[in-house]
Amino acid sequence: MGTIYSEAELVWDGRMTLGEGPVWDARSGTLIFVDIAGKRVHFLEPSLQTHRFVQLEQMVGAAVPRQSGGLVLALEQGFYTLDPVTGTLEQLADPEPGRADIRFNDGKCDAAGRFFAGTMDREELSPKGVLYALEPDGTIRKALEGVTTSNGLDWSPDGRTMYYIDSPTRRVFAFDYDPASGELGNRRTIVIIPDGGGFPDGMTVDKEGMLWVAQWDGWQVSRWDPLTGEQIGSVPVPAARVTSVAFGGPELGELYITTARIGLTGEQLGKQPAAGGVFRCRPGVQGKPAFFYGG
Ligand code: ZN
């Protein structure tokens with residue numbers, strides 16, 4: 001297990017149904033994250049302890065800042081821009097209109113400003129999900145097919161390897177990545193979550209190139225060396241359904257962790273009352289800055 005870090009502390013007791021997708025917006029010192037099932041985009045300024053949200057009418061899988069201002073969202077009906085002040089949405093594109101059996105899930109931008117977001121089978125049974133890339137020019141491309149529950153993704157510090165999670169496989173995959181074209185190749189398994197550890201969900205890569213993986217039903221975020229496949233650390237979280245992670249705060253030295261309450265019984269929630277909150281730890285490692293959508 002390597003280093004056991006101190007338990008993550010609750011920073012926002014939001015009791016979200018399915019908190020997900022944290023991303024640090026360094027422009028405003030704001031942590032942006034979503035409640036997929038609650039159909040909300042949340043904005044938390046940890047330094048000021050202020051919080052606000054935008055209520056949507058569709059489930060929101062991922063939200064990323066846009067270089068020209070505002071956000072881009074992956075919603076049930078495709079990609080949209082959001083003005084976080086007025087709440088105005090504008091659809092950019094819908095790659096699979098009319099599909100009620102899938103929805104968008106996790107997403108993230110690469111260094112070139114491409115927004116990668118994947119779809120998932122709502123029943124999480126069949127591999128009918130697709131990882132899409134929304135290019136800065138607004139075109140959409142299929143980056144990967146045959147996915148069941150498209151989830152965490154991030155890149156190595158040099159941008160030449162992409163890490164990716166399809167949760168039911170309990171694996172973290174690596175791909176060779178071409179930063180110029182955004183093409184993936186040479187898929188291989190680098191991590192398998194051990195029995196009893198639940199399922200890998202969201203993920204971030206730190207400045208040293210190590211992976212931090214949120215473990216759904218695993219009560220932790222784990223740190224892995226992608227070259228050896230070894231677990232090198234663990235952050236205990238006082239909630240079972242740990243969904244995603246992102247570095248933020250001063251010098252990107254704080255690890256923010258989202259969690260969920262969905263599917264837990266009253267008895268289970270009694271033992272994890274802060275489930276659905278946002279947690280934080282300071283592991284002594286820095287993150288990489290988040291990239292924003294370039295279109
Ligand atoms: Zn997820």
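Visitor: What is the volume of the largest cavity?
Guide: This is a predicted model. The structure holds one cavity of 30 Å³ or more. The volume of the largest cavity is about 320 Å³.

Visitor: Which residues that line the largest cavity are the closest to its centre?
Guide: The lining of the largest cavity consists of 28 residues. Elements that give two or more residues to this lining are β3 (19-25), β7, β11, β15 (150-155), β19 and β23 (242-248). The closest to the centre are P22, V23, K108, T204 and A290.

Visitor: How many residues of the lining of the largest cavity are nonpolar?
Guide: Seven residues of the lining of the largest cavity are polar and four are charged. The nonpolar residues of that lining number 17.

Visitor: Which residues are the protein donors of the zinc ion?
Guide: In sequence the donor residues are spaced E-x130-N-x49-D. The donor atoms lie 2.0 Å from the zinc ion and are OE, OD1 and OD. They belong, in that order, to E20, N151 and D201.

Visitor: How many residues apart are E20 and D201?
Guide: E20 sits in strand β3 and D201 in strand β19, a pair that links distant parts of the chain. The separation is 181 residues.

Visitor: Is D201 buried or exposed?
Guide: Buried means under 20% relative accessible area. E20 has 3% relative accessibility and so counts as buried. D201 has a relative accessible area of 5%, so D201 is also buried.

Visitor: What is the volume of the largest pocket, and which element gives the most to its lining?
Guide: The largest pocket has a volume of about 390 Å³. Among the 19 residues that line the largest pocket, R103, M120, E124, T149 and W216 are the closest to its centre. Both β11 (102-109) and β19 (199-205) supply at least two residues of the lining. With three residues, the element that gives the most is β19.

Visitor: How many residues of the lining of the largest pocket are charged?
Guide: The lining of the largest pocket has ten nonpolar and four polar residues. The charged residues of this lining number five.

Visitor: Which element gives the most to the lining of the second largest pocket?
Guide: The second largest pocket holds about 170 Å³ of space. It is lined by 13 residues, of which S28, T30, F43, E45 and R52 are the closest to its centre. Two or more lining residues come from each of β4 (30-35), β5 (40-45) and β6 (50-55). The most, three residues, come from β6.

Visitor: Why is strand β8 largely enclosed by the rest of the structure, and which residues of β8 point the other way from L71, L73 and L75?
Guide: Five of the five residues of β8 (residues 71-75) are buried, so this strand is largely enclosed. In a regular strand the side chains alternate between the two faces of the sheet. In β8, L71, L73 and L75 point one way, and those that point the other way are V72 and A74.

Visitor: Which residue in β9 does L75 stand opposite?
Guide: β8 pairs with strand β7 (residues 60-65) in the antiparallel sense over five bridges, and V60 stands opposite L75 there. This hairpin has five residues between its strands, with G69 in the turn at a positive phi of about 110°. β8 also pairs antiparallel with strand β9 (residues 78-82) over five bridges, joined to it by a hairpin through two residues. In β9, L75 stands opposite G78.

Visitor: Which residue in β25 does T258 stand opposite?
Guide: Strand β2 (residues 9-12) pairs with β25 in the antiparallel sense over three bridges, with W12 opposite V278. Strand β24 (residues 254-259) runs antiparallel to β25 and is joined to it by four bridges. The residue opposite T258 is V278.

Visitor: Which residues of strand β25 lie on the side other than that of V278 and R280?
Guide: Both faces of β25 (residues 278-281) are covered, and V278 and R280 are buried on one side. C281 has a relative accessible area of 6%, so C281 is buried.

Conventions:
Residues are numbered from 1 along each chain as its sequence is written. This is a predicted model: local features need pLDDT of at least 70, side-chain atom pairs count only at pLDDT 80 or more; totals for chains, interfaces and linings use all residues. Side-chain values use heavy atoms; hydrogens and water are left out. Buried means under 20% relative accessible area, exposed over 50%, partly exposed in between (1.4 Å probe, protein chains only). Two strands pair if DSSP finds at least two bridges between them. On a 1 Å grid over the protein atoms alone, a cavity is a set of points where a 1.4 Å probe fits but cannot get out, and a pocket is an open set with protein on both sides within 12 Å along at least five of seven lines; lining residues have an atom within 4 Å of a point. Grid points are joined across faces, edges and corners, and a volume is the space filled by probe spheres set on the points. Ala, Val, Leu, Ile, Met, Phe, Trp, Tyr, Cys and Pro count as nonpolar, Asp, Glu, Lys and Arg as charged, and the others, Gly among them, as polar. Donors are N, O and S atoms within 2.8 Å of the metal (3.2 Å for Na, K and Ca); water is not among the atoms, so sites may look incomplete.
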